[in-house]
Amino acid sequence: MSKKDVKKNKRQNLHTIRKVILLVRKLDKSLLTLIILARMAASIFPFISIYFGSKILDLLLSSAEFKEVMDMALFMIILSTVISMLRWGLESIIGVKKQVLVEKIHQMICEKSFEIDYEILEKNETLDLVYRAEEGMQSSGNIADFCDLLASSIEHICTIIYATVLLFSLFLPKTIIAADPSAAAGLSGIAGILNQWYSFAFLLLSMGLCLWITSFSNRRIAQVQQEDFEINIKDNRHIGCFSNFAYNYKQGQYIRLYKMQNMILETIKTSLNSIEKVDRSMIKKFRRLTFFNLSSYFLLQYASYAYIGLKAIYSLISVGSTLRYVTAYQNLSQSIGNIFEIFIRINIKSKYLSCFYDYMEISNRRYEGTIPVEKRDDGQYEIEFRNVSFHYPNSSTLVLSHINEKLLLGHKTAIVGKNGAGKSTFIKLLCRLYDPTEGEILLNGVDIRYYDYEEYVSLFSIVFQDFNLFSFSIAENVAANINYDATRVEDCVYKAGFGERLSTMPEGVQTNLYQLEENGVEISGGEAQKLAIARALYKDAPWVILDEPTSALDPISEYEIYRHFDELVKEKSSLYISHRMSSCRFCDQIYVFDNGTIVQRGSHEELITKKDGLYYKLWNAQAQYYNVS
């Protein structure tokens, strides 16, 4: 990495650190302050016993009075107890606040995911970034741990200050030390050198060498961890995804019936083997780097004991002071080393945390208009596809090509064609889940991108082929809201044909679906379809769309459901998307899709007479499955 890249990296890390501090302050104003206070209390605690312990030892060796020794010991115990209780109280509060902080961060990621454009969210690179954001804020780069690191740096700075104060007298020359003053005055050789102020250079040199080795090793360890994280992202995401299949009871039925366990376990095993291979390589590097760290630590320990021990041997310091200086110096060296390590860990964690900000700063491509949706003077809505073409992101193959059609309010339209003909994509563009690659879609003559998005999508009630119900109550599923009109919910549920099953549920529309909540009930696929249709009815939008939600049913059953649904929405515009023909008989207009284009249009009576057309071929190919005339 060049010097320019290093400087850029440092600027980015400092920027991330600043943003993290501001975010934590925004989510919990007192958390950082409490963590800092707890760390300051932790830093002073060991020095209480260091200082007073050395004083007590000197008093005992000088045959001081018993009361004086006990008073000193009692004061040390009281002060230590007060500091311990203060720290315990702060840590108990901090523990709860940190957990809440992590949950708030998770909520922010969820909220951002709901705000991102659908076409951006479904991209593989976006899903990877979501994983990075979650991992960055809650695991590898845990924001609570990051706050602890910042506070730890303050703790170690305080420790360095306390230790320096205690060690200051160690380096001052002693003029009267020995019992014989004349002997003290005649110090020479090693004793004379140790008694000079510049003798501390020996310790500084050994400490500097130790810190340089430790700093280099820790930087390499951080780089190895980052490399390991980057390499294992996809495998970790795969493991998380496939592991969920083991206890997802809905998917469990297919897994057991089709004996898919081995396939899933083999996929997990492959990812685990890949991770293990990377981790083994990482451990080997760690061992070498840890060896250098331990070697430097032993070097520093030997140097400190030699320096202070020699001063004690030559009576340059007292026995009690020897204990104080040795312990203080150990705390000093460890804190300086820890400061370096913390800065390195902050550096690496800021890279993890930056993933969260990368995700939160994803910009939507969808143009957000502000024009309110209004009806035309004749009270109608008209939607026009004008030369619309579309291909999905990361693909150049056109799914729709040069579509030109008008849809009028009050009409009943069927969209039919083979699988993959572009029917569902047509609906996704209509509802602005995607914007056209070329061309434009107009509502009452105005490009739909210029309308307020929330107002525009409120025009549509949709039941997709892969519709979802959630583990909420029936009422909340139908209303798609925690606030609902219970009477209206029941009305829509009965209209959708779910009334008979609802009458067997003791809690009525308040009954929870599925097993996430206590006393949740399971419903069949057909019953789920009825509730999905009830949800579309409850929304009461002017456009109602059924996008093959009954594709699992036989053609006759599908026809009956569509005909019944048509009666429920007879005053609205309705679109029925299907690759079957049984849903077309009652529609005013039929669009026949093939290879991304509309190849035919007209009523059933018109299209069935064109024997060379695709509609005629599709109708006759399926006629054996139903008998409607």
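Start by selecting Asp435 and Arg432: both are buried. Show their side chains and you'll find a salt bridge, with the closest N and O atoms 3.1 Å apart. Keep in mind as you go that this is a predicted model.

Next, pick Arg501 and Glu527, whose side chains meet in a salt bridge at 2.8 Å, N to O. This pair links distant parts of the chain, 26 residues apart: Arg501 sits in helix H17 (residues 499–502) and Glu527 in helix H18 (residues 525–539). Are the two partners buried or exposed? Arg501 is partly exposed at 25% relative accessibility, while Glu527 counts as buried at 17%.

Now jump to Glu440 and Arg386, another side-chain salt bridge, this time at 3.5 Å, N to O. Glu440 belongs to strand E4 (residues 438–443) and Arg386 to strand E1 (residues 382–390), so the pair ties together parts that are 54 residues apart in sequence. Glu440 is partly exposed, with a relative accessible area of 25%, and Arg386 is partly exposed too, at 37%.

For a group of charges, select Arg39, Lys98, Asp148 and Glu155, which are linked in a network of salt bridges. Across the whole structure, a search turns up 12 salt bridges.

Time for the sheet. Color strands E6, E7, E8, E3, E9 and E10: in that order they make an open sheet of 6 strands with mixed pairing. E6 (460–463) and E10 (597–602) are the edge strands, each with a single partner, so one side of each has no neighbour in the sheet. From one strand to the next, the twist averages 15°.

Zoom in on E3 (residues 412–417) and E9 (residues 589–594), which run parallel and pair over 5 bridges. Which residue of E9 stands opposite Ala414? Look for Ile590.

Switch to a surface view and select Ile190, Leu310, Ile313 and Tyr314. Together they form a nonpolar surface patch with about 370 Å² of accessible area. Leu310 comes from helix H11 (residues 261–313) and is partly exposed, at 30% relative accessible area.

Finally, zoom out. The chain has 21 helices and 10 strands, and 46% of its 629 residues are buried. It exposes about 33,400 Å², with carbon and sulfur atoms supplying 58% of that. Among contacts with a separation of 6 or more, 76% join residues 24 or more positions apart.

Key
Residues are numbered from 1 along each chain as its sequence is written. This is a predicted model: local features need pLDDT of at least 70, side-chain atom pairs count only at pLDDT 80 or more; totals for chains, interfaces and linings use all residues. Side-chain values use heavy atoms; hydrogens and water are left out. Two strands pair if DSSP finds at least two bridges between them. Helices (H or I, at least four residues) and strands (E, at least two) are DSSP runs, numbered from the N terminus. Axes are lines fitted to C-alpha atoms, for helices over the stretch in contact, and angles run from 0 to 180 degrees between N-to-C directions. Buried means under 20% relative accessible area, exposed over 50%, partly exposed in between (1.4 Å probe, protein chains only). Contact means heavy atoms within 4.5 Å. Accessible areas come from the Shrake-Rupley method with a 1.4 Å probe; for residues, only the protein chains shown count as cover. Patches are made of residues with over 30% relative accessible area and no salt bridge: like charges are joined within 9 Å, nonpolar side chains (Val, Leu, Ile, Met, Phe, Trp, Tyr) within 5 Å. A salt bridge is a side-chain nitrogen of Lys or Arg within 4 Å of a carboxyl oxygen of Asp or Glu.
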